[in-house]
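Please study the sequence and the structure shown below.

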Amino acid sequence: MKIMTNQANEPVWRESTIHFKLPQELKLLDEIAHNLWWVWNYEATELFAHIDRELWSKTEGNPVLLLQSLSYARLEEITKDEALMKEMQAVYAKFEAYMKEPVSQSIPSIAYFSMEYGLSSVLKIYSGGLGVLAGDYIKEASDIRADLTAVGFLYRYGYFTQSLSMDGQQIANYEAQRFDQLPIKQVLDADGNPLVLEIPYNSFTVYANIWRVNVGRVKLYLMDTDLEQNSEWDRSITAQLYGGDNENRLKQEYLLGVGGILMLKRLGIQKQVYHCNEGHAALINAQRLADYIQNDELDFNEALEIVRASALYTCHTPVPAGHDYFDEPLFQKYMSHFPNKLGISWQEFMDMGRANPGSQEKFSMSVYALNTCQEANGVSFLHGEVSKRMFAPLWKGYFAQESHVGYVTNGVHMPTWAASEWRKFYEKTFDKNFYNDQSNPVVWESIYQVPDSEIWDVRMALKKRLVKYIRESFQDNWLKNQGDPSKVVSILGKINPNALQIGFGRRFATYKRAHLLFTDLERLSKIVNSPDYPVQFIFTGKAHPADGGGQGLIKHIVEISRRPEFLGKIIFLENYDMRLAKRLISGVDIWLNTPTRPLEASGTSGEKAEMNGVLNFSVLDGWWYEGYREGAGWALTEKRTYENQQFQDQLDAATIYSMLENEIIPLYYAKNSKGYSPEWIQYIKSSIAKIAPHYTTKRMFDDYVSRFYNVLANRSNELKKDNFAKAKELAIWKAEVAGNWDEIEVVSIQYEGNTAGHVVEVGDTITASVVLDKHHLQGDLGLELVQLRADPVAQADFLKVYSMQLEKTKDTKLHFTTKIQVSQAGTFKYAFRVYPFNKDIPHRMDFALVKWINI
């Protein structure tokens with residue numbers, strides 16, 4: 001009989017989870033690791049690197065995973081290492097002192113809602129600029145001791161990790177996050193069990209865990225629906241950032257808005273101001289309305305006064321197509337139960353999300369936000385102006401120039417984005433207290449007193465650090481997807497820290513025009529292959545998985561980079577995240593940005609570069625429209641020469657080549673005997689002194705406080721006094737005015753002055769008198785003369801408004817007059833505009849009834 005030599009029964013595996021346990025002496029490390037304060041305090045990151053530099057690199061700078069991965073023997077060694085223990089105590093002392101500082105009483109309390117937060121590459125709950133901006137903002141809130149609580153999602157898969165195929169095609173990889181390895185804590189109830197939030201949707205309930213992220217002094221609460229209590233369909237709500245179809249997007253935005261407010265209530269958190277970072281969070285106001293109606297026995301209009309007075313909507317999108325819209329049947333599927341809660345009809349609720357009430361338009365989250373938030377803003381001056389025009393259709397009787405929509409130009413969290421080399425340099429040059437006054441330009445002017453050689457030494461150290469990072473981080477991936485190992489060796493060898501290095505890193509949307517540099521490959525080849533003046537371009541960025549055009553751009557750039565004449569001269573770095581971004585924006589010499597005008601709402605990557613002595617070369621769009629200073633960077637004009645975008649692209653590309661060849665490259669290589677260009681250093685100094693202080697989140701937060709938060713907190717406090725007396729009074733007044741608005745009658749219009757035959761000359765004075773009869777309408781009216789410039793080609797252009805004075809009131813008749821000194825020749829149009837006047841409303845768009853008088 002043949003002996004069986006290959007047989008085994010199935011093993012029965014027993015699972016055992018071994019939890020890591022830090023010695024008591026090292027508990028302080030765990031406390032620091034679970035507060036993202038370490039992200040922007042280089043003493044803390046240096047401490048973790050000193051514990052185990054190789055493991056710190058292997059864990060990609062994740063201190064929680066680092067501590068979990070330490071062997072028992074290494075933990076024992078640390079406790080006996082006097083120098084390391086002393087370093088730990090010093091870092092903790094700084095952390096403890098920071099945390100003990102009291103909350104500022106001069107800043108209103110804020111609840112902040114965002115779909116994404118870019119706090120660290122360790123915590124993958126961001127995709128790009130919107131999230132990184134939100135992350136920077138709450139870090140700044142911590143630094144200035146603001147009473148701010150943030151709300152978002154803990155995504156199981158976050159945004160995708162990018163790799164490239166052999167032919168340069170983007171591959172999106174979704175990697176699940178291990179929550180136990182992240183710097184987060186699950187919120188527990190009084191019994192020590194996970195606190196589970198119940199969110200009632202229209203016909204079912206969704207359950208969510210709550211996780212807390214300590215961001216310095218600020219608490220960020222994240223909802224997570226990956227629970228067994230939920231259906232598979234609902235568990236996926238927080239699976240991916242911007243993942244799934246339009247229905248899943250609506251479920252996410254319902255969870256962020258309605259669920260976010262319910263979560264704050266469950267946690268016992270109330271704030272003075274509620275800030276929607278983009279329209280994704282607009283439904284916070286639906287739940288807030290329902291709460292005021294249910295808990296405070298207000299009717300809908302009274303509750304709306306309170307909700308509006310304490311809400312701010314920040315728009316980051318420059319085109320209508322970029323906003324979220326939902327078809328009525330889909331929206332009704334999830335929101336049909338809300339009108340009953342609010343005491344209004346379904347049609348009235350839908351119309352709150354329509355620019356044209358009564359139409360068949362889709363429900364717009366942005367329109368709903370504008371109708372339920374007293375204040376709104378764009379994220380740069382230029383974007384504020386674009387937003388005024390974009391949202392003008394909501395207020396039919398007013399022109400875009402009259403809109404209340406304001407702006408706060410985005411900034412960046414300087415302690416996060418300035419490399420530690422620059423931070424130490426700034427602390428030595430300005431002193432450590434300058435962080436508290438970092439938006440003060442006077443502080444930064446002392447950069448001019450620093451020897452040029454010191455600036456250059458910092459720049460070269462960071463350039464070499466970038467080259468080292470690229471060689472260490474990308475060699476293995478390139479060997480996998482380049483095919484030819486000799487090419488990889490050639491590329492790595494050609495990366496030259498002494499060359500002029502130009503970086504381009506951003507989301508690969510087509511309007512960003514990443515292709516612009518490759519319009520004339522022959523001319524580009526001459527630029528990068530100069531033996532005496534070498535230039536290298538480093539590209540990075542992700543395209544949305546559904547954006548075929550953006551993915552095509554990446555493939556195109558990768559293909560060009562592999563051509564013999566561009567090998568090692570044009571480089572594409574895959575998987576753009578916060579770690580790579582920090583290395584790139586601090587390591588290159590120039591940051592290039594070429595968006596299609598005026599589609600860059602703000603852009604902050606160039607601001608990050610500013611904090612590191614990197615010069616900007618960009619279209620005058622977004623923040624650079626305000627930030628550009630001659631002698632501190634370079635700019636392409638904001639004006640279009642051609643309506644045809646292809647022609648404009650060709651012109652802009654030619655301009656880029658010309659400026660590189662004739663200005664930028666000669667300036668960089670005008671080196672002295674010490675190996676640097678004094679003129680280039682002067683550009684860096686001017687950039688740091690004249691631009692950097694204006695684009696920090698410190699300045700940005702100060703602007704939000706002065707322009708919006710104080711205004712909202714003060715007004716909402718007034719409306720809430722005496723059991724909401726003022727809110728009720730305003731609701732009654734608006735209802736009465738709206739109900740009798742059509743009764744307004746024009747009794748007479750008279751002119752005095754040289755107006756015979758409507759011939760008016762410059763220097764003439766015209767007096768206009770108008771008598772209105774308001775009949776049963778109660779309250780005051782305003783009247784003004786609106787003047788437009790008549791343009792035979794374009795539409796009439798808004799020019800000026802002349803307020804008319806109420807001279808007397810007799811019974812129900814109002815007598816208005818105004819005197820106009822004619823100061824300008826031309827052809828104009830004019831008309832009288834009647835509007836309801838009440839000193840207690842914040843602006844005209846709050847109650848935008850208008851009656852035009854036919855002259």
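K463 lies in helix α20 (residues 452-482); helices here are DSSP runs of H or I with at least four residues, strands are runs of E with at least two, and both are numbered from the N terminus. K463 counts as buried because its relative accessibility is 0%, where buried means under 20% relative accessible area, exposed over 50% and partly exposed in between, with a 1.4 Å probe and protein chains only. This is a predicted model, in which local features need pLDDT of at least 70 and side-chain atom pairs count only at pLDDT 80 or more, while totals for chains, interfaces and linings use all residues. Residues are numbered from 1 along each chain as its sequence is written, and side-chain values use heavy atoms, with hydrogens and water left out.

**Buried residues and their contacts**
- Not counting residues up to four places away in sequence, K463 touches P497, N498, A499, Q501, G587, D589 and Y668; contact means heavy atoms within 4.5 Å.
- I284 is found in helix α10 (residues 284-295), and I284 is buried because its relative accessible area is 0%.
- Leaving aside neighbours within four places in sequence, the contacts of I284 include F113, L256 and Y274.

**Salt bridges**
- The structure holds 44 salt bridges, each being a side-chain nitrogen of Lys or Arg within 4 Å of a carboxyl oxygen of Asp or Glu.
- D234 forms a salt bridge with K251, with the closest N and O atoms 2.7 Å apart.
- This pair links distant parts of the chain, since D234 is in helix α8 (residues 232-235) and K251 is in helix α9 (residues 246-266), 17 residues apart.
- Both D234 and K251 are buried.
- E328 and R354 meet through their side chains in a salt bridge of 2.9 Å, N to O.
- E328 counts as partly exposed because its relative accessibility is 23%, whereas R354 is buried, with a relative accessible area of 2%.
- E718 and K721 form a salt bridge of 2.8 Å, N to O.
- Because E718 and K721 are three residues apart in helix α29 (residues 697-740), about one helical turn separates them.

**An antiparallel sheet**
- Four strands form an open sheet in the order β24-β23-β27-β28, with antiparallel pairing; two strands pair if DSSP finds at least two bridges between them.
- The edge strands, β24 (797-803) and β28 (851-853), each pair on one side only.
- Strand β23 (residues 780-789) pairs with β24 over six bridges, and L785 has Y802 in β24 as its bridge partner.
- Strand β27 (residues 828-837) contains Y830, which counts as partly exposed at 40% relative accessibility.
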